[in-house]
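My entries follow in the order of looking.

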Amino acid sequence: MWIYDKKLEYPVKITKPDPRMAKVIISQYGGPDGELAASIRYLSQRFAMVTPQAKATLNDIGTEELAHLEMVGTMVKQLTDSASMEEIEKAGLAPYYVDHDRGIYPQSAAGAPFTAAYIQSKGDPITDLYEDMAAEQKARSTYDYLLQLADDPDVIAPLRFLREREVVHFQRFGEALRIVQDHLGNKKRFSSKPQR
């Protein structure tokens, strides 16, 4: 179903260690509004969609979120790889280091591990698409906050790219919502489900 292109969707080439930024960027890896939650949410919700276009949108965006997960993990790894123990401790990453060394582990910036409670798959296509639009806005806000904390151009560039993709995903979910609403509003369609 998928073809894996062995390169990042957007290049990540961070040359200066910054465990402080790694500590907050990890939230977009495994936090409540991060890429892992988005991917699982969309790839699960696609099964409830009632039009081929909506299914394709959720499948495409869910897959792209996996690419974003890879980018965020790469950023965290590059920000910590050559950091000294002193820098890791100063950034407050000593507890993370004790549990994971410099490995990438899905958690929020506050240290809460990833949980499936971050996602929802209600089974109602309209409800799910509204949820998806809200999820993209929350992720965009998180990238805005990360950009306010960043000062390294090598960190800022991929964060900006990821923020822009959240805006595009929000728009695509809006288009899918309109298609689903039009489909469900069509009185001539036949369905085994009771009408609402």
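I began with the second largest cavity, which holds about 70 Å³ of space. Its lining has 13 residues, and the closest to its centre are Asp33, Gly34, Ala38, Ala135 and Ala139. I noted the rule: on a 1 Å grid over the protein atoms alone, a cavity is a set of points where a 1.4 Å probe fits but cannot get out, and lining residues have an atom within 4 Å of a point. Grid points are joined across faces, edges and corners, and a volume is the space filled by probe spheres set on the points.

The model is predicted; local features need pLDDT of at least 70 and side-chain atom pairs pLDDT 80 or more, while totals for chains, interfaces and linings use all residues. Residues are numbered from 1 along each chain as its sequence is written, and side-chain values use heavy atoms, without hydrogens and water.

Which helices supply at least two residues each to the lining of the second largest cavity? I found helix H3 (35-45) and H7. The largest share, 5 residues, comes from H3. Helices here are DSSP runs (H or I, at least four residues), numbered from the N terminus. By class, I listed 6 nonpolar, 1 polar and 6 charged residues in this lining. Ala, Val, Leu, Ile, Met, Phe, Trp, Tyr, Cys and Pro count as nonpolar, Asp, Glu, Lys and Arg as charged, and the others, Gly among them, as polar.

I then looked up the largest cavity, with a volume of about 100 Å³. Of its 13 lining residues, Ala22, Val76, Thr80, Leu93 and Tyr96 are the closest to its centre. Helix H1 (19-25), helix H4 (52-80) and helix H6 (94-100) each supply at least two residues of that lining. It divides into 8 nonpolar, 2 polar and 3 charged residues.

Next I turned to helix H7, residues 125-149. Its 25 residues reach 36 Å from first C-alpha to last, close to the 36 Å expected at 1.5 Å a residue (1.5 Å times one less than the number of residues). At its start, a side-chain oxygen of Asp124 comes within 3.0 Å of the backbone nitrogen of Ile126.

Is Arg140 buried or exposed? Arg140 lies in H7 and counts as buried because its relative accessibility is 19%, where buried means under 20% relative accessible area with a 1.4 Å probe, protein chains only. Leaving aside neighbours within four places in sequence, I found Arg140 in contact (heavy atoms within 4.5 Å) with Arg163, Glu166 and Val167.

Technical notes:
Polar contact = N/O pair within 3.5 Å; in protein donor to acceptor, adjacent residues only side chain to side chain. Buried < 20%, exposed > 50% of the residue type's maximum accessible area, 1.4 Å probe, protein only. 1 Å grid on protein atoms, 1.4 Å probe; cavity = no way out; pocket = protein on both sides within 12 Å on 5 of 7 lines; lining within 4 Å.
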